[in-house]
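Q: I would like to learn how to read a protein structure step by step. Could we go through it one feature after another, with the general idea before each case?

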Amino acid sequence: MTHAWALENEFAREVRAGLSGSGQKTLPCRYLYDDVGSALFDAITCLDEYGLTRADQRLVAKHAPELVSRLAGNVLVAELGSGSGGKTRPILGQLRQRQQVVYYPIDVSRTALDRCAKELCPLGTVLPLEGSYIDGLREVAGERIDGQSILVLFLGSTIGNFEPAAALEFLFAVRQCLRAGDRLLLGTDLVKPVDQLLLAYDDLAGVTAAFNLNLLSRINRELEGDFDLRQFQHVARYVEEAQRIEMHLRSRVHQTVWIGAADLCVDFVPNETICTEASHKFRPEQLTGMARQSGFRLERQWIDCEWPFAENLLVAVE
Ligand code: AVI
């Protein structure tokens, strides 16, 4: 029998749901990002093997002038999952040459928002919103005055961490917060050779492995778990049909793990895995359909020449 107090904790509830039953065990990828996980993710973005973040930064820096020239009138900028806002600087810098900048970073992490406000406040008014992306965006839309348009930034290919149907639902929810003519700049990592992807998600220094294994440490810390991390191994797998790379934690042995706060005992057979993240990769031409299905039109697409990655400018249609 499950204790009522265990179910009050959303993390415990989701761990229980993901690790119970006889099918593929899963854990939601958003729990990878506690303080330790976020620091490890920052380290991943600096790795030679992981070119995604540098490609995103290069494209934004290179095409900010053209991007901003496509936006008419006075623009409010909202960023979903801003982190510390580093990639956004060239856009705000460009916009600042023609108007007073108002920038709304939206993030679940207060620490990231504080850092973002500190770093970007010389460029304009920074109004951080802590909470879910769609709630934050709705709030931004409520602040606009006549004649203003909204530019939403969703960079870093975070859209790839959604299941395809959920990605479309999310883009549609973004569209519902907007008016025709508003724009969304969407970063998407592209399909690339499998060897390159496997290295990007299983780097030689083991940083991605530490990032993945930290999820088990987090369960131990926060949910009274007794995972023995030495008995699990980080694995990256590319699933061709789904165009996605998956991160798994593979049990090295037969073992039983107890998670107190979820009131859960989990058995693992040797080689059984927990899937902790799926990162979908896109073909450039897919973006046209994704935009159309969610109430946008793909206006412009820029592709990096060093690391296959696309920055997609979507315009909200009637
Ligand atoms: C945040 N997200 C876009 C990253 C990705 O590439 O899917 C998360 C990540 N997982 C392992 N390395 C990076």
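A: Let us start with one residue, keeping in mind that this is a predicted model.

Q: Where does Gln233 sit, and which residues does Gln233 touch?
A: Gln233 belongs to strand S8. Apart from residues up to four places away in sequence, Gln233 touches His248, Leu249, Arg250 and Arg252. With one of these residues, Arg250, there is also a polar contact from side chain to side chain, at 2.6 Å.

Q: How far is Gln233 from Val75, in sequence and in space?
A: The two residues are 158 residues apart in sequence, and their C-alpha atoms are 47 Å apart in space.

Q: What does such a comparison show for Arg297 and Val315?
A: Arg297 and Val315 are 18 residues apart in sequence, while the distance from C-alpha to C-alpha is 5.3 Å. Arg297 has its place in strand S13, which covers residues 296–303, and its contacts beyond four places in sequence are Ala291, Leu313, Leu314, Val315 and Val317. With a relative accessibility of 44%, Arg297 is partly exposed.

Q: Is Glu139 buried, partly exposed or exposed?
A: Glu139 is partly exposed, because its relative accessible area is 45%. Its place is in helix H7, residues 133–143, and its C-alpha atom is separated by 9.0 Å from that of Cys177, a residue 38 places away along the chain.

Q: How should I read the backbone angle phi?
A: The general idea is that most residues other than glycine have a negative phi. In this model, Ser157 has a positive phi of about 60 degrees, although Ser157 is not a glycine. Asp263 is another residue other than glycine with a positive phi, here near 50 degrees.

Q: Where in the chain do Ser157 and Asp263 lie?
A: Ser157 lies in the loop between strand S6 (148–154) and helix H8 (164–177), whereas Asp263 is found in the loop between strand S10 (255–259) and strand S11 (264–268). Ser157 counts as buried because its relative accessible area is 5%, and Asp263, at 19% relative accessibility, counts as buried as well, since the cut-off is under 20%.

Q: What surrounds Ser157?
A: Leaving out residues up to four places away in sequence, Ser157 touches Leu52, Gly187, Thr188, Asp189, Phe282 and Phe309. Its side chain also reaches the backbone nitrogen of Asp189, at 2.8 Å.

Q: Which loop holds Asp228, and what does its side chain reach?
A: Asp228 is in the loop between helix H10 (207–223) and strand S8 (232–239), and its side chain reaches the backbone nitrogen of Arg230 at 3.1 Å. With 25% relative accessibility, Asp228 counts as partly exposed. Asp228 lies 11 residues from Ser217 in sequence, and 8.8 Å from it in space, C-alpha to C-alpha.

Q: Finally, how many residues surround the ligand, and which are the closest?
A: The ligand is surrounded by 13 residues, and the closest are Tyr50, Asn161, Tyr201, Glu277 and Ser279. By class, this shell has 8 nonpolar, 4 polar and 1 charged residues. Helix H3 (35–44) and strand S12 (273–280) each supply at least two residues of the shell.

Q: Which polar side-chain atoms lie 2.5 Å from an oxygen atom of the ligand?
A: One belongs to Tyr50, and another belongs to Tyr201. In the side chain of Ser279, an N or O atom is 2.6 Å from an oxygen atom of the ligand. On its own the ligand has 340 Å² of accessible area, and the protein covers 96% of it.

Conventions. Residues are numbered from 1 along each chain as its sequence is written. This is a predicted model: local features need pLDDT of at least 70, side-chain atom pairs count only at pLDDT 80 or more; totals for chains, interfaces and linings use all residues. Side-chain values use heavy atoms; hydrogens and water are left out. A residue is near a molecule or strand if one of its heavy atoms lies within 4 Å of it. A polar contact is a pair of N or O atoms within 3.5 Å; within protein, one must be able to donate a hydrogen and the other to accept it, and residues adjacent in sequence count only if both atoms are side-chain atoms. Accessible areas come from the Shrake-Rupley method with a 1.4 Å probe; for residues, only the protein chains shown count as cover. Helices (H or I, at least four residues) and strands (E, at least two) are DSSP runs, numbered from the N terminus. Ala, Val, Leu, Ile, Met, Phe, Trp, Tyr, Cys and Pro count as nonpolar, Asp, Glu, Lys and Arg as charged, and the others, Gly among them, as polar. Buried means under 20% relative accessible area, exposed over 50%, partly exposed in between (1.4 Å probe, protein chains only). Contact means heavy atoms within 4.5 Å.
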